[in-house]
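Welcome! Let us take a walk through this structure together, one neighbourhood at a time.

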Amino acid sequence: MSVETGRPPEESLALGRALEGSRGLFGRGARRGLLTSGISEVRGPAACMRRDALFRRMLLAADVIAIVGAFVLTTELAHRSLQLTWAGIAAIPILVICAKLSGLYDRDEALLRKTTLDEAPKLLQLATLCVLVAWLTGGLIVHGVLDRHEALFLWVALAGGLVLARAASRALSLRVAPVERCLFIGDDLSAETIRSKLTGHGGVKAEVVAHLDLDKVAPWSTDSFSEPRLNEIRDLAQTLNVHRAIIAPRSVDAGEMLNLVRTLKAVGVRVSVLPRLLEVVGSSVEFDDLHGVTVMGVRRFDLTRSSAAFKRAFDLFGASLGLLAVSPLLIIFAIAIKLDSRGPVFFRQQRVGRHGHRFHMLKFRTMVPDAEAMKDSLRHRNEADGLFKIAEDPRVTRVGRLLRRTALDELPQLLNIVRGEMSLVGPRPLVIDEDNRVEGWHRRRLELMPGMTGPWQILGPARVPLREMVAIDYLYVANWSLWTDVKILLRTVPHVIGRRGL
């Protein structure tokens, strides 16, 4: 039996012995009696408890600081005298309880990736509730009555403060918290995918320390279970100091998978499952309770007319605002490019857009004029699968190197957005020869206009092969929402600042 671990050989040997021992004990344990009805879930390793407690306490402190800070800032900036009352101070625990009842302190325990943007809608609801109570209760929360402008400022300060404070608390907690040690159960390909996703991405501090095939843990999936078997699995988890199991199920009986989850939870191991169905349809489903049977209804793939209109209005507003804000920079960069090397200011490249229509995508020119002619001589240095990317491309000019590192060479694409050829967020616009390699259902990624940024951007485009990128784009189209676009835009900023994937 071969067991892959990321640990020294003696730990791999211990894992193998534990598994062999559990097989031998299975028959004897089953004959001693079935104990599944009396099995209770234990709390897990002390490191897990400390990590969970750290995140909860840091989030609690962040919420209190954000709430108090928003009220203090509002009262200090008010044109008239406003002060927090004792009732207002006493209301802070009530708001914390509301956050607890909304599940805002319990998400991180179940998640590998700790993120704040995904809970932003609940935080906005909490801020709205807080401001409404402060506004409608007259002088109960603050001395004096909030007018509309002060209430609006309080809402903005509170919503922004909660998001920023929670993001900062999670970032600090991730630095302090121990690494989450994971046991992967599934096929080799899925294991490599998960390993790649656990490294080099924000919000994650975990590693795969061991890998088992589903066949190796088949005895764990039975409903005829005994206390000796649990002891063996518990010893196995303690040997490797496993905090979480990540399961990639294949087409097996749902009852077997449920028993496997129950077994791992019973010995104190947290469990994450890769849902195979959601790899096909993403999260574009509505859960339907059919009198006790859960049915997933898959939403339509393309956008409705109203959704398309909202997306276009969002693009026009964002691009117009962006052009006004960066117009001085555009002039400065244009002059710098002309002074640095001969050739045009803009680089125009034909790309494939919505419904396969071709258009010329604009960028600031970052390469020498004959860069395309030099491409064949540099193809042996290509570092991407299906795309042409070189880390230290000799064709890049001095000004171009600066523009690329800061992603400022993409700014002219705001003009493409205004012209209706691109979107702020969308599938990646491919050149013609790359688009010719996309076949089958993946071509439905062209249902939406290509974007300046997209899900491929925040994953690091230089590391994402073409086949994975088009699958990501397909799921983006299937799961589109305006909030998804906002989240991608916000997550693009730290990736650009941190020069990730550039």
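A residue is called buried when its relative accessible area is under 20%, exposed when that area is over 50%, and partly exposed in between. Please keep in mind that the model is predicted.

Phe-346, with a relative accessible area of 31%, is partly exposed.

These residues take us to the aromatic rings. A pair of aromatic rings is described by the distance of the centres and the angle of the planes. Rings are paired if their centres lie within 6.5 Å, and by this rule the count comes to two aromatic pairs. One of them joins Phe-333 and Phe-364 edge-to-face, with 5.9 Å between the centres and 85° between the planes. Phe-333 belongs to helix α11 (residues 305–340) and Phe-364 to strand β11 (residues 358–364), so this pair ties together parts that are 31 residues apart in sequence. Phe-333 and Phe-364 are both buried. Phe-346 and Phe-364 make a stacked pair, 5.7 Å centre to centre and with 15° between the planes. Here the link runs between Phe-346 in strand β10 (residues 346–352) and Phe-364 in strand β11, 18 residues apart. Together, the ring pairs link Phe-333, Phe-346 and Phe-364 into a cluster.

Now follow the strands themselves. Strands of a sheet pair through backbone hydrogen bonds, either parallel or antiparallel. Strands β10 and β11 are part of an open sheet of three strands in the order β11-β10-β13, with antiparallel pairing. At its edges are β11 and β13 (430–431), each of which pairs on one side only. Between β10 and β11 there are seven bridges in the antiparallel sense, and Val-352 has Arg-358 in β11 as its bridge partner.

Next, turn to strand β6 (residues 244–247). This strand pairs with strand β4 (residues 180–185) in the parallel sense, over four bridges; there, Leu-183 has Ala-245 in β6 as its bridge partner. Strand β7 (residues 270–273) also runs parallel to β6 and is joined to it by four bridges, and the partner of Ile-246 in β7 is Ser-272. In a regular strand the side chains alternate between the two faces of the sheet. What covers the faces of β6? Arg-244 and Ile-246 on one side, and Ala-245 and Ile-247 on the other, are all buried, and both faces are covered.

A search of the whole structure finds four cavities of 30 Å³ or more. The largest has a volume of about 60 Å³, and its lining includes Leu-183 and Ala-245, along with Trp-220 and Val-269. Helix α8 (residues 227–240) gives the largest share of that lining, three residues. By class, the lining of this cavity has ten nonpolar, no polar and no charged residues.

The second largest cavity has a volume of about 40 Å³. Its lining has five nonpolar, no polar and four charged residues, among them Phe-55, Lys-114 and Glu-180. The charged end of Lys-114 sits over the ring of Phe-55, 5.3 Å from the ring's centre. Elsewhere, Arg-428 lies over the face of Trp-456, at 5.3 Å from the ring centre.

Technical notes
Residues are numbered from 1 along each chain as its sequence is written. This is a predicted model: local features need pLDDT of at least 70, side-chain atom pairs count only at pLDDT 80 or more; totals for chains, interfaces and linings use all residues. Side-chain values use heavy atoms; hydrogens and water are left out. Rings of Phe, Tyr and Trp (its six-membered ring) pair if their centres lie within 6.5 Å; planes under 30 degrees apart count as stacked, over 60 as edge-to-face and the rest as tilted. Helices (H or I, at least four residues) and strands (E, at least two) are DSSP runs, numbered from the N terminus. Buried means under 20% relative accessible area, exposed over 50%, partly exposed in between (1.4 Å probe, protein chains only). A charge sits over a ring if NZ of Lys or CZ of Arg is within 6 Å of the ring centre and within 35 degrees of the ring normal. Two strands pair if DSSP finds at least two bridges between them. On a 1 Å grid over the protein atoms alone, a cavity is a set of points where a 1.4 Å probe fits but cannot get out, and a pocket is an open set with protein on both sides within 12 Å along at least five of seven lines; lining residues have an atom within 4 Å of a point. Grid points are joined across faces, edges and corners, and a volume is the space filled by probe spheres set on the points. Ala, Val, Leu, Ile, Met, Phe, Trp, Tyr, Cys and Pro count as nonpolar, Asp, Glu, Lys and Arg as charged, and the others, Gly among them, as polar.
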